[in-house]
Amino acid sequence: MTETVTTESDMSRQLQGYSLTTAEILYHMPDHPGLLQSFLWQNYDLAPRFPRLIGFLDFWAHNLDGTLAQVCVAHRELVSPAQMRLVGSEWRLN
């Protein structure tokens, strides 16, 4: 039941213009600042401003010890309102 609710909410976000966004975050390890660690973040967000990602990075910068070094962002539109259309009829052959 939870999967259905999640899928429906993801679909509604996609129809509102959200797209799947992936960010690879490189940060300096707090105990060893000369070493970089990688963190992968993925969520639905609005391109090109990415308010959810910016909010996450803001939280990171203010609450976590690892200093951000680099953020690489990729996104892909999965479903957009222009791709949805009504079908006039459907024919089935048994």
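## Close-up views of a predicted model

**View A. Leu-53 and its contacts.** Leu-53 is in contact with Ala-23, Trp-41, Asp-45 and Val-73, leaving aside its neighbours within four places in sequence. Contact means heavy atoms within 4.5 Å. This is a predicted model, in which local features need pLDDT of at least 70 and side-chain atom pairs count only at pLDDT 80 or more, while totals for chains, interfaces and linings use all residues. Residues are numbered from 1 along each chain as its sequence is written, and side-chain values use heavy atoms, with hydrogens and water left out.

**View B. The protein chain and its elements.** The protein chain has two helices and three strands. From the N terminus on, the order is α-β-β-α-β. Helices (H or I, at least four residues) and strands (E, at least two) are DSSP runs, numbered from the N terminus. Among the contacts with a separation of 6 or more, 60% join residues 24 or more positions apart. The chain has 94 residues, and 19% of them are buried. Buried means under 20% relative accessible area, exposed over 50%, and partly exposed in between (1.4 Å probe, protein chains only).

**View C. The largest nonpolar core.** Which residues make up the largest nonpolar core? Its eight members are Ala-23, Ile-25, Tyr-27, Trp-41, Phe-50, Leu-53, Leu-57 and Trp-60. Strand β1 and helix α2 are the elements that give two or more residues to this core. A nonpolar core is a set of buried Ala, Val, Leu, Ile, Met, Phe, Trp, Tyr and Cys residues joined through side-chain atoms within 4.5 Å. In soluble globular proteins, nonpolar side chains tend to be buried together.

**View D. A cluster of aromatic rings.** Ring pairs link Tyr-27, Phe-39, Trp-41, Phe-56 and Trp-60 into a cluster. The whole structure holds five aromatic pairs. Rings of Phe, Tyr and Trp (its six-membered ring) pair if their centres lie within 6.5 Å; planes under 30 degrees apart count as stacked, over 60 as edge-to-face and the rest as tilted. Why is the pair of Trp-41 and Phe-56 stacked? The two ring centres are 6.0 Å apart and the planes meet at 25°, so the pair counts as stacked. Trp-41 lies in strand β2 (residues 36-45) and Phe-56 in helix α2 (residues 51-63), so this pair ties together parts that are 15 residues apart in sequence. Trp-41 is buried at 9% relative accessible area. Phe-56 is partly exposed at 22%.

**View E. Phe-56 and Trp-60 along helix α2.** The ring centres of Phe-56 and Trp-60 are 6.0 Å apart and their planes lie at 75°, so this pair is edge-to-face. The two residues are four apart in helix α2, separated by about one helical turn. Trp-60 is buried, with a relative accessible area of 5%.

View F. A cis peptide bond joins Ala-47 and Pro-48, with omega at about 5°. Phe-50 has a positive phi, near 50°, and is not a glycine. Most residues other than glycine have a negative phi, and most peptide bonds are trans. Is Phe-50 buried or exposed? Phe-50 is buried, with a relative accessible area of 12%.

**View G. Thr-21 in strand β1.** Thr-21 belongs to strand β1 (residues 19-28). Thr-21 is buried, with a relative accessible area of 0%. Leaving aside its neighbours within four places in sequence, Thr-21 is in contact with Trp-41, Gln-42, Asn-43, Asp-45, Phe-50, Val-73, Ala-74 and His-75.

**View H. His-28 in strand β1.** His-28 is found in strand β1. His-28 is partly exposed, with a relative accessible area of 29%. Leaving aside neighbours within four places in sequence, its contacts include Pro-33, Leu-36 and Gly-66. Gln-70 is 42 residues away along the chain, yet the C-alpha atoms of His-28 and Gln-70 are separated by 9.6 Å.

View I. How many salt bridges does a search of the whole structure find? The search finds one. The side chains of Arg-13 and Asp-10 form a salt bridge at 3.2 Å, N to O. A salt bridge is a side-chain nitrogen of Lys or Arg within 4 Å of a carboxyl oxygen of Asp or Glu. Arg-13 and Asp-10 are three residues apart in helix α1 (residues 2-15), separated by about one helical turn. Arg-13 is partly exposed at 21% relative accessible area, whereas Asp-10 counts as buried at 16%.
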